[in-house]
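Please read the following report alongside the sequence and the model.

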Amino acid sequence: MVAIKMIRIEVAYAREETQRILTLEVTEGTTIETAIDRSGVLDLFPEIDLLQQKVGVFGKTKKLTDIVQAGDRIEIYRPLVIDPKEARRKRVKK
């Protein structure tokens, strides 16, 4: 019989006013999408749209089909309110 190895990961999401980091254990070989689903973050923040929003691990963009590694912190990124270049232009004009 083959032993199933469990790994500990985190799923993080932040709104402007609140943030959550959820810790969970998943089986080795779990995809980012499955880990997000199992974390319960989609129930806590129903505005999350994984078809539109980017995800990453420790600040590096990843695909939903990528495999998580032990200790990973999956981050779900909110859409930008304003393009950073445009924000910089507005600050310069002031």
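Arg15, Glu17 and Glu47 are linked in a network of salt bridges, where a salt bridge is a side-chain nitrogen of Lys or Arg within 4 Å of a carboxyl oxygen of Asp or Glu. This is a predicted model, in which local features need pLDDT of at least 70 and side-chain atom pairs count only at pLDDT 80 or more, while totals for chains, interfaces and linings use all residues. Residues are numbered from 1 along each chain as its sequence is written, and side-chain values use heavy atoms, with hydrogens and water left out.

By the salt-bridge rule the count comes to 5, and the table sets out three of these pairs.

| Pair | N to O distance |
|---|---|
| Glu47 and Arg15 | 2.8 Å |
| Lys5 and Glu28 | 3.9 Å |
| Arg73 and Glu75 | 2.6 Å |

Side chains of opposite charge can pair when their charged atoms come close.

Glu47 lies in the loop between helix H2 (41–44) and strand S3 (55–57) and Arg15 in the loop between S1 and S2, so the pair ties together parts that are 32 residues apart in sequence; helices (H or I, at least four residues) and strands (E, at least two) are DSSP runs, numbered from the N terminus. Glu47 is partly exposed at 36% relative accessible area, and Arg15 is partly exposed at 29%, given that buried means under 20% relative accessible area, exposed over 50% and partly exposed in between (1.4 Å probe, protein chains only).

A salt bridge also joins the side chains of Lys5 and Glu28. This pair links distant parts of the chain, 23 residues apart, with Lys5 in the segment before strand S1 (6–14) and Glu28 in the loop between strand S2 (19–27) and H1. Lys5 is partly exposed at 48%, whereas Glu28 is exposed at 52%.

In the pair formed by Arg73 and Glu75, Arg73 is partly exposed with a relative accessibility of 25%, while Glu75 is buried at 11%.

Turning to the helix residue, Ser39 is found in helix H1 (residues 32–39) and is buried, with a relative accessibility of 15%. Leaving aside neighbours within four places in sequence, Ser39 is in contact (heavy atoms within 4.5 Å) with Val11, Leu22 and Leu24. A polar atom of the Ser39 side chain lies 3.1 Å from the backbone nitrogen of Val41.

Technical notes:
Polar contact = N/O pair within 3.5 Å; in protein donor to acceptor, adjacent residues only side chain to side chain.
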